Structures are given as structure tokens and as C-alpha cells.
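Please open the model in your viewer and keep the sequence panel beside it. The stops below say what to select next and what is to be found there.

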Amino acid sequence: MMDYRTEASPILRDFLTYHETIQGHSQKTVDEYFLDLRTFFRYIKIEKGRVPRSMPLDEITIDDVDLALVKSVTLTDIYAFLSFLSRDRVKNANALSARYGLEVSSRARKVATIRSFYKYLVVKAKLLEESPIQELDSPKIRQTLPRYLTLDESIQLLESIDGDNAERDFCIITLFLNCGVRISELVGLNLTDIRGDRLRVLGKGNKERVVYLNAACQSAIEDWLAVRSHSGAADPNALFISRRHTRITKDGVHYMLKQRFVAAGLDSSKYSAHKLRHTAATLMLQNGVDVRTLQEVLGHEHLNTTQIYTHVDSDALRDAAQSNPLGQVKARPRRGRPSKQKTEDET
């Protein structure tokens, strides 16, 4: 089992501990930081001659990464590392056939981690006077529009739910479509998080927010609680439980959604819990919710994360083009040829 507290050197461990304890980042996020730094300093140890070039990258330890090695990193080293990631890094080490070159999003995340590490050394730890990568630009990520269900498809999905666990599944999907919660937030909900028309949600970085429940959500919760078993539950506090009376898991929700998409006649390969979150955001924006309010509802830390939804409503863009008063002004047909004098003046 991976544990940065035993695998990382003191200078790396201090940075990761800072993010977990002071910044309040989740263990998963901190583990991703660790993996990014581990890959980076494994590469740097090869480039700086700390280990033989013949040594496999994944066998290099980083428990000896010290301030001297950290200080030796230059902008040129970062560029070489990014080239290595884009050309030579295996995409999935567990795949049957190796494919090389990480996607731009993965490279950009590693750059962000490295930049954060050096910023910490300068601003917090005071071990460096300046960051060697402060002039580094992140790889450009092509912005893709989120996939979402239309209003009719959303209604089609909800109306198709029946059979075993119908009340639970209807409630889960209703919360996804109306509140835009993340799947990690949904499976973590407790009975005590329901407070009248409010739902307490624990989001990324253990940040709490309140999501207000409309009539559909309140009705769905009431119907589910009426059939939910309170006796013999392995986790009696969990809002959503499985057939075995344990707290429902992410995998359990993913499996349930796939079955419900198929039953509704929707392509289960195109939609997921996260796509239902996109659907909630898009429908709210299409129906008058401003982007800053939507930011609070979704629990986005940065507004630019929410603003992607302002680009998905093609109907609104089409209506805006049609509403321009100049849209009715058409060019008049020209008759005859312009005179020679006019042509010369125009040139």
C-alpha cells in the first residue's frame, strides 16, 4: 500500500503533510501529489546522475531527495521532463499492450503539482529564495464541452425507474439531477445531513456547503426513507444503503446507473454520475440561474470551473444571434458596374 509518510524524503513529506493537515486536502488529492512528485524526482535523479540510466524508472526510490537535488532543478530540466511525459511515459502500466505519451491534462496536473511544491519551499518553508520554474507555462488544455442529458431525456430516465430499489434509485438520480452533487458527496451523505429543505454536503477538501432541496428532492427522500431499513444496517447513519444494508459505494452507484440508463433507452457508455452533475448545472443555467450562484451550488472553488457551462447552451446562443436588430439588414443587390472614377477613389 502506497504511503508517502514512509516512501518520501523529509522535504517532500513536509510538503505533503502541509497540504493534508493545513490546507485540508483529501488523502486522495495528497496521494496524487505524491505520485506526481515521485515520477518527477525519479526522472531528475536519472538526469542528475544519482542513479544509473539503465535503472527502471519505477524502481527508483525518492526517500533520499534532498534540498541540494531540489535546488539543482532548472527550467530546462522541466522542459525535458515534459517531453519525456509526452513521448516516453507509459500511459497505463497495467495494460496488456504498452501505450506511450501522457495526455495533456495529465502533464498539466504534474506541472501544477511541481509548481505548488516549489512555491511552498519559497513562501512557507523559506528554503529557497525563488522558484526555478516560476516562468514555466502550463501545457495548453483543449477545452471540451461537458456531455449532458436534455430535459426530455432526464424526465425519460426518471420515469423509467421501477422494480427493485426503485425508491432508492429514484432518490439518488433525483439528487444528481436537481442538486448537482458529486458521486463522492452522495455516497457520504448521512441521515443527519437532511435538515428540512436543506442538505449538508461535504465536498472536496472537506469543505461543507448547504444545498437547498426543491419539492421533488424532498418527496423523493421521504419515499426512500419510508422503505429504508433502519434495523441491522452496518452503517445506520448512511442515507443510502445497499441490499446488504451497508453504505452504498461509488461502484454500486455506477453499476446502478448503468442499469437504469439501459432501461431508459439511453446509451450507458456516454453517461455517468458526473454527466448527471453536468446535466443539473446545464439545466439550472438554461433556466435563469446565474453563474456565481451555480458556483456555490456545485461547490466549485474557482469561478472558471463553473463558466464552462456557459458555453453549452447552443439554443441560447442561437437566440442571441437572432435577437440582434441588425440581423434583418440585408445587402442590397448592386446594379451595373461601378464607374472607373469611383473604383480609383476606393483604391
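This is a predicted model: local features need pLDDT of at least 70, side-chain atom pairs count only at pLDDT 80 or more; totals for chains, interfaces and linings use all residues.

**The whole chain**

Residues are numbered from 1 along each chain as its sequence is written, and side-chain values use heavy atoms, with hydrogens and water left out.

Colour by accessibility next, and 38% of the 347 residues in the protein are buried; buried means under 20% relative accessible area, exposed over 50%, and partly exposed in between (1.4 Å probe, protein chains only). The protein exposes about 21,000 Å², of which carbon and sulfur atoms supply 48%, the areas coming from the Shrake-Rupley method with a 1.4 Å probe and, for residues, with only the protein chains shown counting as cover. Of the contacts in the protein with a separation of 6 or more, 58% are between residues 24 or more positions apart, a contact being heavy atoms within 4.5 Å.

**The aromatic cluster**

Select Phe 15, Tyr 18, Tyr 33, Phe 40, Phe 41, Tyr 43, Phe 81, Phe 84, Phe 117, Tyr 118 and Tyr 120, which form one aromatic cluster. Rings of Phe, Tyr and Trp (its six-membered ring) pair if their centres lie within 6.5 Å, and planes under 30 degrees apart count as stacked, over 60 as edge-to-face and the rest as tilted. By this rule the count comes to 13 aromatic pairs. In one of them, the ring centres of Tyr 18 and Tyr 120 are 5.3 Å apart and the planes stand at 40°, so the pair is tilted. Because Tyr 18 lies in helix H2 (residues 10-21) and Tyr 120 in helix H6 (residues 104-123), the pair ties together parts that are 102 residues apart in sequence. Tyr 18 is buried at a relative accessible area of 16%, and Tyr 120 also counts as buried, at 13%.

**Helices H8 and H11**

Now show helix H8 (residues 166-179) with helix H11 (residues 250-263), whose axes come within 11 Å and cross at roughly 95°; axes are lines fitted to C-alpha atoms, for helices over the stretch in contact, and angles run from 0 to 180 degrees between N-to-C directions. On the H8 side the contact is made by Ala 166, Arg 168, Asp 169, Ile 172, Ile 173 and Phe 176, and on the H11 side by Val 253, Met 256, Leu 257 and Arg 260.

**Arg 182**

Move to Arg 182, in the loop between H8 and helix H9 (183-187), which is buried with a relative accessible area of 10%. Leaving aside neighbours within four places in sequence, Arg 182 is in contact with several residues, among them Phe 176, Arg 209, Arg 277 and His 300.

**Two loop residues**

Finish with Lys 126, in the loop between H6 and helix H7 (151-159), where phi is near 60°, a positive value in a residue other than glycine. His 245, in the loop between H10 and H11, has a positive phi of about 65°. Lys 126 counts as exposed at 62% relative accessibility, whereas His 245 is partly exposed at 28%.

Technical notes: Helices (H or I, at least four residues) and strands (E, at least two) are DSSP runs, numbered from the N terminus.
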